[in-house]
Amino acid sequence: MTDASIEPFARAHLDGLIALVAAEGWTEYAEDPERTFRARSAPGVSTLVALGDGRIVGAIQVQSDGVMQAHVSMLLIDRQQRGRRLGSRLLREGLERAGGQFLDIRTRTEGYYERLGASRSLGFRLTREALGLEAAEPG
């Protein structure tokens with residue numbers, strides 16, 4: 001696969017996103033595609049997809065107030081695409097587009113986020129600096 005492109009989630013991505021989450025066993029997203037679309041495009045939500053070889057190979061959803069706080073609701077990478085730094089690209093782009101100072105993550109996938117420089121809390125928190133981004137403008 002060539003480098004994946006990352007772009008905002010749109011209705012045209014819905015079937016590919018549902019296939020990605022279903023492959024992880026998240027069947028509740030396949031039950032009602034329209035509900036899934038609304039959840040992934042709701043106000044305060046930034047959902048991005050990674051496209052490679054004509055299909056969705058990754059996705060992230062970040063909920064944010066746009067100023068201080070951001071939270072990862074979903075980060076999925078196609079099993080065949082893991083280990084290629086696509087997850088860290090999606091995390092950086094997700095925080096950059098959603099806005100905020102911090103990216104909070106609640107997960108059972110501890111080692112991955114610790115390797116990125118996350119500090120432990122009741123989940124994990126990645127700073128803009130740990131993700132290689134400049135500090136956000138005040139305000």
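Tutor: Start with R55. At 35% relative accessibility, R55 counts as partly exposed. Buried means under 20% relative accessible area, exposed over 50%, and partly exposed in between, with a 1.4 Å probe and protein chains only. This is a predicted model, where local features need pLDDT of at least 70, side-chain atom pairs count only at pLDDT 80 or more, and totals for chains, interfaces and linings use all residues. Residues are numbered from 1 along each chain as its sequence is written, and side-chain values use heavy atoms, with hydrogens and water left out.

Student: Which residue forms a salt bridge with R55?

Tutor: Side chains of opposite charge can pair when their charged atoms come close. A salt bridge here is a side-chain nitrogen of Lys or Arg within 4 Å of a carboxyl oxygen of Asp or Glu. For R55, the closest N and O atoms are 3.1 Å apart, and the partner is D78.

Student: Is D78 buried or exposed?

Tutor: Buried means under 20% relative accessible area. The value for D78 is 15% relative accessibility, so D78 counts as buried.

Student: How many residues apart in sequence are the parts that R55 and D78 tie together?

Tutor: R55 forms a salt bridge with D78. R55 lies in strand β3 (residues 55-64), while D78 lies in the loop between β4 (69-77) and α4 (86-98). Helices (H or I, at least four residues) and strands (E, at least two) are DSSP runs, numbered from the N terminus. The pair therefore ties together parts that are apart in sequence by 23 residues.

Student: How do β3 and β4 run, parallel or antiparallel?

Tutor: Two strands pair if DSSP finds at least two bridges between them. Here 7 bridges join β3 to β4. Q61 stands opposite M74 in β4. The two strands run antiparallel.

Student: Which residue takes a positive phi in the hairpin of β3 and β4?

Tutor: The hairpin has 4 residues between the strands. The positive phi is near 80 degrees, and the residue is G66.

Student: How far does α4 reach from its first C-alpha to its last?

Tutor: α4 has 13 residues. The expected span of a helix is 1.5 Å times one less than its number of residues. α4 is close to the expected value, with a reach of 18 Å.

Student: What is the N to O distance in the salt bridge of R97 and E93?

Tutor: Both residues lie in helix α4, 4 residues apart, about one turn of the helix. R97 is partly exposed at 39% relative accessible area, and E93 is partly exposed at 27%. Their side chains meet in a salt bridge, N to O, at 2.5 Å.
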